[in-house]
Amino acid sequence: MKFPVPHDVKAKTIPGTEGWERMYPYQYQFVTDDPVRNQYEKETFWFYDGLHYPEPLYPFDTIWDEAWYLALSQYNNRIFQVPPVRGVDHRIINGYVYISPVPVKDPEEVGRRVPNFMERAGFYFKNWDALEAKWKKKMEATIRELEALDIPRLPELEDMSVVTEALGESKGFHLIKAYDDLINLGIKCWQYHFEFLNLGYAAYVFFLDFTQKLFPNIPLQRVTQMISGIDVIMYQSDEELKKLARKAIELGVVEAVTFSKEWTEVEQALQKLPKGKEWLAALERVRNPWFHISTGTGWYHHDRSWNDNMNVPLSGIQTYVEKVQKGLSIERPMQKVRDERDRITAEYRALIDKPEDRKQFDELLGCAKTVFPYVENHLFYVEHWFHSIFWNKMREVAAIMKEHGMIADIEDIWYLRRDEIKQALWDVVTAWATGVTPRGTKTWPAEIEWRKGVMQKFREWKAPPAIGTAPEVIQEPFTIVLWGVTNKSLADWAAVQEVKDPATITELKGFAGSPGVTKGRARVCRTVDEIRQLQEGEILVAPTTSPSWAPAFAKIGACVTDVGGVMSHAAIVCREYGMPAVVGTGHATKIIKTGMMLRVDGSTGGVSIAR
Amino acid sequence: MAAPLVRWFEECTKASVPLVGGKCASLGELMHAGVRVPPGFALTTEGYRRFMAAGSLAHEVQLRLRSLDVNDLEALERASASVREAIEAQPYSLEMEDAIAESYRKLSVRCCMPALPVAVRSSATAEDLPGASFAGQQDTYLWIRGADEVLQHVRRCMSSLYTARAIGYRAAKGFRHDDVAISVGVQKMAQSSTAGVMFTLHPATGDRSVIVIDSNYGFGESVVSGEVTPDHFVVNKVTLDILERTISTKELYYTVDPKSQRSRAFEVPFERQKVQSLVDDEITELAWMGKQIEKHYGHPVDIEWAVDKRLPSGGNLFILQARPETVWSRKSRPAARPEGAAGSAIDYIVSGMLAGKRLG
């Protein structure tokens, strides 16, 4: 399979973006001045991580990419020593992240890694529940620390107490330190993020692998169906919206809750009603932590949380109120999902001929079910709860930068790398201490304006799904389950690339994410804000989905995504709702237009477009 | 009480193999399991024995086979031809002719069709007598109409116990020719618009979680004989989803020639060659039937089936034949679990990582 050479792609610089490299860490660049590294990069297969980055990275937001570059790789390679894979290497072109798993090529080295992995990963698997309980404590402590972190403003004159208590430290120093603490908390949180994740995925992947050995023709989604129907806290926020919808009906405040899409208007109306106040109090009780839900994946600063943009949870509540009033069920049909899960599990199990295979099946299924809640729940703790607070703390830092004339607007801070912000803060505090103007007040605003233009051009650029040299087979299990990269998907992506006119494409292939066939009109939603436009029974076409998209699933007839494997959010939720999903199509949002008639076959992974 | 000369399929169960052979017994068994099978009856092995015992037939057969050198293939062929000729020339006793003709008449009445077209097939009594099973494989006569034709083809099926190959085999194994017997099934011909075969496991991988269906227009002959590349469907046995469909270019099909009233090959009209020969609902229903049949027998089966499109859907699928699947059942599939591993999850995870088994 032929994919473009990374350096050729990079060499075609978009006019007006020359010098964009300085917006990202230098080690993320594809290089031409180091022959050894250049050769390695050419021979390596890189795929675009559209799962996490549906749009180009802002310089500051690169922090999470650096964080997981470190965390995933260290756990794989230095802590558990996954025998055949080291870490996952990263590069950036035009703001888009490309990643590549690094294999251990020497079989003897692989062998030497085995006992370490057995001992270390074995310890985690054996003590999973106890260690997970510990993890929750560590994570909650980290979030509390973040909430408590004070980002001090710089006073004209330090408080008298600095003198009387002989503190010996200034707010200038505290500001620098608070920024460091903030960044370190973020990095630490991401250390925890991967503590269980690789092992969790390994448990999944090898349950899949074993079941496919037993039943070579079993669809992947049937295997994942065997681990469905397990309640996890990642769905709790959505449940809270449903409770509030029911409460609005119970208290008779539906009119006030639904008359406007603007939260501020709804809130005002409710304040005037005694029952409305009761409802607002109920809402207030669940906002922390359940509304610390990002409206995106949580990976971008502009993915504001429900708490920041109350219109989003309001819209969810309104959808549920409407459904209940129409007499429709808003429950996820959990019992049905569980019954079906148990039925198919029992039927497959009964088809296993050998008792030792049946035992192995039971062991692996048990293990996959044990890890499932973590694999889902870590998202709530890290990407949603922690990130929601983190972005706002950064906005406090930005407010100080703005106050000192370093940036024109709070939201400009994301155009700076985290180390540039540290430098700029030094500029601010030294100038503040000295009583002069920071040098950056003249340099950063202009640079930021230029970067805004660059980012806009990046957004218009179409990142190829894969570059470099595709291997004969894709073996790295995480890549397959999470990113949906397989030989087949690559071939399909390559095939679409070869089609000159996307307006002639009538068939898209992806992963069979959730079974069933349905027909309907497409609604392309690139962000969660757009899901409000969804009409009952439409087919949602999205780059990828995240938990704050949950209310959308109560309306739609099926879902199609660009990126994701059978364990991606859209696939999991569609299975819970029992509706078809085709995930990881590579290009659906680029080819499908709102209003097109689609036929989605979630059992085979096909999407047909009626033209 | 003497054993009967004929038996209706619904009177047969798997215990009836000595009387009506494997094929007919299995059809009875399927009927009892609630599977839709075209009705019919069997001339029993008792009927066969009495037919062979009548007149001087047995003596003549013996005479023709006495001092035969089975290694002389030409002589063997000659002997076979002459034995079969003698059998096919032997008149029925009045009683037997009556029994067969009357059963055929009743079958026609039952199916509301005068001179009902039937399939006449030999049904061997024992799998461990391959001589018999050779015969069983060979002799199927389709689209037989009228009592005289039925009687004639029943005789031909009986004579199929004396093909050259069957004679040679018995001689080599030391079986006595008059120890073996055969039954003949007379079954309503499914007027199939589409027909084919179905396996309740994947013939290529042995995967028991799928059902594989091959189908073509017309009678199943074109699929069984391999004369065409049939449409190919893989269905999930657990959920009955259609997992794969391969639509082939089907150039010919078998159906009855209205002039000669015989089954023969016809060319598939060009515009239908690439059309799916079974609709999705039929595929699902068929797979569901396959699943029930496997459940009834307790092991994988291969099945011949037909769709009669003149009948309303939901009642137009018929099972013509079901036998135990033999290839994978005899093979001992290696355990999926790696040898010597302790069977815990992490053992498997490690060995899986080391093997670098690909997915997807």
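## Overall dimensions of chain A

In this predicted model, chain A has a radius of gyration of 25 Å, which agrees with the value near 25 Å for a compact globule of 611 residues. The C-alpha trace of chain A spans about 80 × 70 × 55 Å along its principal axes.

Of the 611 residues in chain A, 49% count as buried. Among contacts in chain A with a separation of 6 or more, 70% are accounted for by residues 24 or more positions apart.

## Secondary structure and domains

The secondary structure of chain A consists of 23 helices and 12 strands. Chain A is divided into two assigned parts: domain 1, covering 1–199 + 419–483, and domain 2, covering 504–610. Taken over C-alpha atoms, the centres of domain 1 of chain A and domain 2 of chain A are separated by 30 Å.

## Interface with chain B

Contacts between the chains involve 49 residues of chain A and 31 residues of chain B. On the side of chain A that touches chain B, at least two residues each are supplied by α4 (107–126), α8 (197–214), α15 (334–350), α16 (355–403), α19 (477–483) and α20 (487–498) of chain A. The largest share of this side comes from α8(A), with nine residues.

In terms of residue class, the side of chain A that touches chain B comprises 29 nonpolar, nine polar and 11 charged residues.

Conventions
Residues numbered from 1 in each chain as written. Chains lettered and ligands numbered in written order. Predicted model: local features only at pLDDT ≥ 70, side-chain atom pairs only at ≥ 80, totals over all residues. Contact = placed C-beta atoms within 7 Å. Helix = DSSP H or I, 4+ residues; strand = E, 2+ residues; numbered from the N terminus. Nonpolar A, V, L, I, M, F, W, Y, C, P; charged D, E, K, R; others polar. Domains from an automatic or database assignment. Rg over C-alpha atoms; globule rule 2.2 N^0.38 Å. Buried ≥ 20, exposed ≤ 12 C-beta atoms within 10 Å, placed from the backbone.
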